[in-house]
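Hello,

Here is the structure we spoke about. Please look through it first; notes on what was found follow below.

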Amino acid sequence: MGKEKMNQKHELKKLDRMPERMRLLARIEKAFENPAEFYRFERIVFPVLEHPRAYNAFAKSGLFDERAPVTVRVRTGEEMMLRISGLLSVLRGYEENKMNDIPHPLKFYLEEEVFFSPAHKKEEIVEHREWAISMIGDEGPIAEAEITQIFWKAFEKLGLGDRVQFRINAIGCASCRNGFRSSLTSFLRTRILRFCKQCRRNAKISNVKVLQCENEECKQILEQAPQVLDFLCEICKKHLKGILEFLEGAGIPYFLDHSLFFEGLWYDTIVFEFVYRASAEGETPSPVVIMAEGGRMMRAGEAAYGKRLDVAGGALFIDRLEQILIDKGKLGLGQKKIEVFFAHLSDAAKKKSFPLLEELRQAGVSVEESLGKDSIKSQLNIAERIRAKIALILGQKEALDSTIIVREMESGIQETIPQDKLIEFLKKKLKKGA
Ligand SMILES: [Zn+2]
Ligand SMILES: [Zn+2]
């Protein structure tokens with residue numbers, strides 16, 4: 001029992017990926033990477049282990065209150081942290097990699113696995129695959145705008161355009177956030193007994209958490225609550241306005257969500273998320289899935305660099321998006337059609353196979369082979385199973401006189417042609433058949 005319980009505690013989310021899932025992953029990666037590269041974001045990679053030293057500053061700034069890093073003990077007895085977000089790795093590595101010497105803005109994207117323990121379930125380990133995008137050195141709204149545009153275009157490309165909602169909020173910068181917070185505290189203090197149990201508990205941790213309560217009675221009281229947008233300083237107002245204007249220009253619908261705060265995470269000033277709604281407009285609402293999150297990361301930047309660093313970032317939870325695409329049947333998982341099968345007869349032919357296959361590869365012809373099998377019958381069985389249009393057969397004689405047999409699988413018609421004419425011949429044949 002004791003052992004069972006322990007195993008359960010440490011069971012990681014299943015993120016094993018077999019080839020079928022990999023094909024889906026490749027599609028997702030492409031959908032996000034294409035617009036990112038168009039806007040000149042470049043891929044970078046960081047290790048999964050982080051030194052606790054690097055993470056201490058983030059923890060001190062309250063960035064790990066909601067998700068705590070997972071600690072592992074290595075053989076030296078030293079404790080290391082598992083990467084919690086690629087966005088923080090970028091900041092951790094900013095100085096070490098002398099990024100301050102490179103002309104800004106810096107534009108990066110990353111893809112990797114991240115780990116954390118939820119604040120309320122410290123013994124649990126959550127594992128995600130994340131696709132993240134980071135922009136450093138631009139203080140204006142263009143940073144958020146580009147990140148939003150890239151995510152939006154990717155969701156559209158994956159066929160989710162009509163079910164994705166973009167939610168955004170301005171939660172105040174270091175100079176204006178306290179005004180709203182203290183006003184909200186006063187508001188809650190005089191009414192706290194009318195709120196639900198969860199709200200009363202949340203109010204003790206952070207008062208903005210109360211704003212997200214779904215309870216009807218709580219919602220009603222909150223209608224009179226102070227609104228964060230009324231407390232923004234001129235810079236924050238202008239920033240938000242700039243982002244919204246861009247979104248309107250780009251035709252990206254948005255929802256200004258006054259209750260979105262990402263308290264205890266590494267986003268601040270401007271926060272946003274992309275949610276997926278399984279139900280269409282007018283249908284019974286179904287629970288939403290948060291597919292991506294993001295925002296300014298001023299506190300995180302300062303914690304890492306020691307002085308002001310204009311950072312904005314966004315992160316996609318790839319596994320959640322994968323599940324949505326699987327549920328929707330929007331997979332397109334079919335394997336790439338292979339039209340040509342390469343069969344060999346005799347050892348002499350086998351030895352000549354690789355140079356020929358390589359020629360086909362370089363010419364962009366997809367070929368399936370089965371060099372491990374020697375019987376022509378079992379090789380041709382494979383050709384039939386994958387529904388190849390053409391089988392190339394290299395026998396001993398052909399290997400010696402540099403020819404090859406080209407056989408049309410359906411009709412069984414075959415002819416022998418010189419190997420140096422093969423590519424041209426094949427291309428003509430495949431084009432005709434298509
Ligand atoms: Zn402000
Ligand atoms: Zn409540």
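Two strands count as paired if DSSP finds at least two bridges between them. Helices (H or I, at least four residues) and strands (E, at least two) are DSSP runs, numbered from the N terminus.

This is a predicted model, in which local features need pLDDT of at least 70 and side-chain atom pairs count only at pLDDT 80 or more, while totals for chains, interfaces and linings use all residues. Residues are numbered from 1 along each chain as its sequence is written, and chains are lettered from A and ligands numbered from 1 in the order in which they are written.

Domains

The domain assignment gives domain 1 (16-176 + 232-328) and domain 2 (340-433); such bounds come from an automatic or database domain assignment. The centres of the two domains, taken over C-alpha atoms, are 48 Å apart.

The sheet of three strands

An open sheet of 3 strands has the order E2-E5-E4, with antiparallel pairing. Its edge strands are E2 (49-50) and E4 (71-73), each pairing on one side only. E4 and E5 (residues 79-82) pair in the antiparallel sense over 3 bridges, and Thr71 has Met81 in E5 as its bridge partner. Helix H3 (residues 52-60) packs on this sheet and touches E2 and E5, its direction making about 60° with that of E5. Contact here means that the C-beta atoms of two residues, placed from the backbone, lie within 7 Å. Axes are lines fitted to C-alpha atoms, for helices over the stretch in contact, and angles run from 0 to 180 degrees between N-to-C directions.

A residue is called buried if 20 or more other C-beta atoms lie within 10 Å of its own, exposed if 12 or fewer, and partly exposed in between, with C-beta atoms placed from the backbone. In helix H4 (residues 86-96) the buried residues are Gly86, Leu87, Leu88, Ser89, Val90, Leu91 and Arg92. They pack against E2, H3, E6 (106-118), E7 (126-136), H10 (298-305) and E12. Just after H4, Lys98 takes a positive phi of about 50°.

Strand E12 (residues 311-317) contains Leu316. Leu316 is buried because 25 other C-beta atoms lie within 10 Å. Leaving aside neighbours within four places in sequence, its contacts include Phe32, Glu130, Trp131 and Phe151. Phe32 is 284 residues from Leu316 in sequence, yet the C-alpha atoms of the two are 9.6 Å apart.

Helices H5 and H9

H5 (residues 142-157) and H9 (residues 234-250) pack at an angle of about 35°, and their axes are 9 Å apart. On the H5 side, Glu144, Ala145, Thr148 and Gln149 meet Ile243, Phe246, Leu247 and Ala250 of H9.

The sheet of five strands

A further open sheet has 5 strands in the order E14-E13-E15-E16-E17, and its pairing is mixed. E14 (367-369) and E17 (414-418) stand at the edges with a single partner strand each, so one side of each has no neighbour in the sheet. On average, neighbouring strands are turned by 30° against each other, direction ignored. E13 (residues 340-344) pairs with E15 (residues 390-394) in the parallel sense over 5 bridges; in E15, Leu394 is the bridge partner of His344. Helix H13 (residues 353-362) packs on the sheet, touching E13, E14 and E15, and its direction makes about 160° with that of E14. Helix H14 (residues 376-385) lies across E13 and E15, running at about 175° to E13.

Regards
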